[in-house]
Amino acid sequence: MKLDEIKSRAKSFFEERGLNFHLVDDVGWSAERARLVLKTIGLKTNVIRSDFVPSTESKFLGRKISLPVMPAPLSGIIKAIDKDCFKKIADGSASSGVIPWIGYPAKREDLYDLKDFVWIIKPLKDRNLIYSEIEYAEKHCVAVGIDLDCSAFECISGNVYTYKFLKPIDYPELKDLASSTKLPFIAKGILSERDYDLAIKAGCEAVVISNRGGRIIDSSVFPLEVLQSIEKMTETGVDSFIRSGDDVFKALAMGADFVLVGRPIVWGLTFPNGVRRVLEFFKSDLETVMHACGVKNVHEITKDLLISL
């Protein structure tokens, strides 16, 4: 099933239930910028070779995954789609051989004692609550992290939402949070070389470069633009507007270790086995691109296969 078909089914689902699909659509200047950046990057093919079956297997924080694409941490509107959304994300991820990411404030009762996921916490004003969530993660998760870029506000469908229960985290606090747990600690929402370096210095074992799908500043840069300008020092992923195997290939070639997808997972939640279908699409599409480019495994995806306009 192609992503366009998945998106179309999701749009019908939203409309039938009186939900605003604009909330989970790729709209705004950030989406346009992402497409423009991706369109300027071309792929070279290598076709004089023997045949092979590409392998998309990779690793995340030392754990094997079947695909370097994982569900981004979601919360909020997805409960309106399906009350069992988090379980379905976990089940779809497990059947696809990847690790799910889940975002606070998912309630504990909604998580059904799930295990082996990545727990991403908001920068809560009550710092004691953050440490409490880290303790929870140590019993259930493979890693824990903080959603750094949502501390002030979000712009969703033209409306600005402020969060009085959140506040920014400074460097000493980030360093203390990272050192407070034996789990790998992740900084998500990085979008500058400065913050990337500070996150590494604070002890974060993984970083996600993200513009939060354009929901903070609509004119924010595309994560791949920042990825190509950093000196990578730890496992580094990207998210926001990755919509095809081409996009994933380009991200990996530019140095990303993994990719997170959010809105496509939301679309997949609108029909049975949809999360698995979304991940299967990315796997199949990535395999097609790898085969055309003569790449047998994800470790062979390098920048010399790209040409930028």
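Here are some questions and answers about the structure above.

Visitor: What kind of model is this, and how are residues numbered?

Guide: The model is predicted, so to speak of local features a pLDDT of at least 70 is needed, side-chain atom pairs count only at pLDDT 80 or more, and totals for chains, interfaces and linings use all residues. Side-chain values use heavy atoms, with hydrogens and water left out, and residues are numbered along each chain, as its sequence is written, from 1.

Visitor: Which element supplies the largest share of the lining of the second largest pocket?

Guide: A pocket here is an open set of points on a 1 Å grid over the protein atoms alone, where a 1.4 Å probe fits, with protein on both sides within 12 Å along at least five of seven lines; lining residues have an atom within 4 Å of a point. The second largest pocket has a volume of about 450 Å³, and among its 20 lining residues L148, D149, G189, I190 and D195 are the closest to its centre. Helix 6 (171-179), strand 10 (185-190) and helix 7 (193-201) each supply at least two lining residues; helices (H or I, at least four residues) and strands (E, at least two) are DSSP runs, numbered from the N terminus. The largest share, four residues, comes from helix 7.

Visitor: On which side of helix 6 do P172 and S179 lie?

Guide: Buried means under 20% relative accessible area, exposed over 50%, and partly exposed in between (1.4 Å probe, protein chains only). In helix 6 the buried residues are L174, L177 and A178. They cover an arc of only 95° around the axis, taken from the directions to the C-beta atoms, which puts them on the same side of helix 6. The exposed P172 and S179 are on the other side.

Visitor: How many residues apart in sequence are the parts that F60 and W101 tie together?

Guide: Rings of Phe, Tyr and Trp (its six-membered ring) pair if their centres lie within 6.5 Å; planes under 30 degrees apart count as stacked, over 60 as edge-to-face and the rest as tilted. F60 and W101 form a tilted pair, 5.6 Å centre to centre with 40° between the planes, and both residues are buried. Because F60 lies in strand 2 (residues 58-60) and W101 in strand 5 (residues 101-103), the parts tied together are apart by 41 residues.

Visitor: What separates the C-alpha atoms of I217 and S30?

Guide: I217 is found in the loop between strand 11 (206-209) and helix 8 (223-227). I217 is partly exposed, with a relative accessible area of 46%. Although I217 and S30 are 187 residues apart along the chain, their C-alpha atoms are separated by 8.1 Å.

Definitions and conventions:
Grid points are joined across faces, edges and corners, and a volume is the space filled by probe spheres set on the points.
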